Structure formats: structure tokens, C-alpha cells
Amino acid sequence: MISTKEQDINSKQKDKKVIKCVVWDLDNTLWHGVLLEDEKVYRRENIVNLIETLDNRGILQSIASKNERATAIAKLEEFGLKEYFLYPQINWNSKATSIKEIAKLLNIGLDAIAFVDDQLFELEEVKFTLPEILCINADDIGDILDMPVMNPRFVTEDSRIRRLMYISDIERKNVEKEFVGTADEFLATLNMSFTISSAKEEDLQRAEELTLRTNQLNTTGYTYSYDELNHFRQSENHKLLIASLEDKYGSYGKIGLVLIECQVEIWTIKLLLMSCRVMSRGVGTIMMNHIMSLAQSNNVRLLAEFVSNNRNRMMYISYKFAGFKEVDKNCDSIIFENDLTRIQPAPSYVNFKVID
């Protein structure tokens, strides 16, 4: 069963806020002045350093601005800032509508977004419509870098190139829109390589980050610190596996993590998660089937814990599709078991590798 400690961890996770994207207004926020009214607008002091620092920390950035799009984009380009903003929403829609669109396109939760604006009306409208959003007055821009939610404990290599990985994904999606053929035929053109390996010490910072940042494709929501993960890595009674993915457009980075508790006759999946960025790549079941194969070859029963967080139903469905059946249930906590009679091979369009 799920331990009291793990239930406490899950409860704390619900209270922990991690900002994954800062959404900026433009007029009198990123720059001084109103673009369509003033003869000239000026970049806000220290804004370049602030944006670059957030970018280096792995925090994505976008724009929600009521403006004329072509004019605003040209000004961002002139200021050398255009490349930092993903899916900028520059239009005459409400700011709340624009932010919801950004969250959808980035595939992140609204509670992982901060919104910066100089207008109290806009801040209040967003706060009322989307109470999960962290709203920041432009007067407080100087404090942003010191806010705990903007300071991840580790800045990993995946963090530093996160924006570039999203840009690569935008390119993939654009190509996919133009592709004529089935989804599997398109995936076959990507030349994907999926690797699963035992986590090494140099993987642990990213592993901790994954437990903190991944909510939707996460079977339990348990968070583990670097030290806890290092203990599991060295424990004879646990397996800690990490997965990475790359294709012809570049690397997705380390995008999957599994923690298995290994007893003599029973293995229990304590945590299985995948980054939302790979949801459409058809690789989500590879890791699950690999665990099933390992359990089968070691002649043990395979159990799996699932804890609902109201956003991870996709993982519940994934367990069901993989042949896991509920054997115990307590509130939001479920114990699954798989009889290991139906293990699927990796899709033919993926080059699957296992590294011990």
C-alpha cells in the first residue's frame, strides 16, 4: 500500500507552485510607452538581463498584449527580444483568453504561469477569470528574479535549452501539418531514438526536476529530492530508470523517469512519468512495456501505484490500456497489477535502446 510518508509528499506537492512560463504585457511593461500612441518607446531598464536569466533557468516566456501584431513583433525584433517568446498572443482579445491559448499551445497547466502587466484592470480580469495564475504588477518587475517560484533548485542542461527544444517542436508541428499520410507514417519520418538507462549521479538533478515539473503524465505525483533519488539509485531494493528521446530535429532531453521498489517476489512501480512534450510522439508505452519485460524475466509479480491529482487521468488510462487491473483502492490511491501476458514491442518507427 501507499505509505503515510508518500501521502504526505503528495499533499505537499499540491501546495508547491512551480512557474514554467512568464507571460508579459508589452506597453509600459517590457518597454516604457504605448507603441501605437507614442512617437518612441524605450526598453525597460534591465529587462534584457531579466529575460535572459529566466530563459537560462529554463522558464519559458510568452506575450499577451493588446496591440497591432506586426508593429509589436517588429519592435521586439529591434530590441533583440523576439526569439525569447513562444506563441506570442498579440491581438485584441482579453488577456485571459490569450493566456489560456498560450497554456494550451505549450501544454502546461495554468497554475504554472505568471502574468506581468502594468494595468490593474488587466491583472484583476486575469485573476478573476483564471485564479490559478500568479499575477505580478509591472511595478514589481525588479523582484521577479528573487521570487522562490522563479528559482529552481537546479539549473540542468535540459533547463538551459528548454526554449530551443520547444522551438524545435514548433518546427516539427509545422511539418506535421503539411504532411500527407497517417500519423504513424509521419512519426516514421522523424527517425526517433528512445533510450532507457539506469540513472547515474549526473542524471539526478534532472530527475528531481522531472518529479517537480511533471503533473499530467505522472502516475503518483510523488516528488523526490536529489538525495532521495541518489539513495534509490544505489539501493539494491530499487530500480531508478531514466529515458531520453531525440529525432532528426534535435534532442527532447531527459523526458521520462521510473522508480521501482523491488522485493523478492513483487515489484511495485512507485513513480512513472513522461514529459508532456512527448505526448504526441507515440513513445509513452515503451517504458511501461520495458518494465513489464523486466518483471517477467525476473519472474516477479508487477504492481503499480496510481494517485489521482485531477490532471493525470491520461496515465490511469495508460495503465488500463497496458493490461493493468485494479486490485486495491483507497480514496484517490489505486494499486494495479499486470499479469504480464500481453507485452507490446516498441513501435517500428522508434529505434529503442536499453543501456545498463
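Student: How many aromatic pairs does the structure hold?

Tutor: This is a predicted model, and the structure holds 12 aromatic pairs. A pair of aromatic rings is described by the distance of the centres and the angle of the planes. For Phe-194 and Phe-352, the ring centres are 6.2 Å apart and the planes stand at 45 degrees, so this pair is tilted.

Student: Where in the chain do Phe-194 and Phe-352 lie?

Tutor: Phe-194 belongs to strand β8 (residues 192-198) and Phe-352 to strand β15 (residues 350-355). The pair thus links distant parts of the chain, 158 residues apart. Phe-194 is buried, because its relative accessibility is 0% and buried means under 20%. Phe-352, at 29%, counts as partly exposed.

Student: What kind of pair do Tyr-222 and Tyr-224 form?

Tutor: Their ring centres are 6.4 Å apart and their planes are at 80 degrees, so the pair is edge-to-face. Tyr-222 is buried, with a relative accessible area of 0%, and Tyr-224 is buried at 4%.

Student: Which residues do ring pairs link into a cluster?

Tutor: The cluster consists of Phe-306, Tyr-316, Tyr-319, Phe-324 and Phe-336.

Student: Let us turn to charge. Which residues form a negative surface patch?

Tutor: Asp-139, Asp-140, Asp-143 and Asp-146 form the patch. Asp-139 is located in the loop between β7 (134-137) and α6 (157-160). With a relative accessible area of 68%, Asp-139 is exposed.

Student: Which residues are buried in helix α11?

Tutor: Among them are Ile-286, Met-287, His-290 and Ala-295; the helix covers residues 284-297. Asn-299 follows α11 and has a positive phi, near 55 degrees.

Terms used. Residues numbered from 1 in each chain as written. Predicted model: local features only at pLDDT ≥ 70, side-chain atom pairs only at ≥ 80, totals over all residues. Heavy atoms only, no water. Patch = residues over 30% accessible without salt bridge, like charges linked within 9 Å, V, L, I, M, F, W, Y side chains within 5 Å. Areas by Shrake-Rupley, 256 points an atom, 1.4 Å probe, with all protein chains shown as cover. Salt bridge = Lys/Arg side-chain N within 4 Å of Asp/Glu carboxyl O. Lys, Arg positive; Asp, Glu negative; His and termini not counted. Charge placed at Lys NZ, Arg CZ, Asp CG, Glu CD. Helix = DSSP H or I, 4+ residues; strand = E, 2+ residues; numbered from the N terminus. Buried < 20%, exposed > 50% of the residue type's maximum accessible area, 1.4 Å probe, protein only. Phe/Tyr/Trp six-rings, centres within 6.5 Å; stacked < 30°, edge-to-face > 60°.
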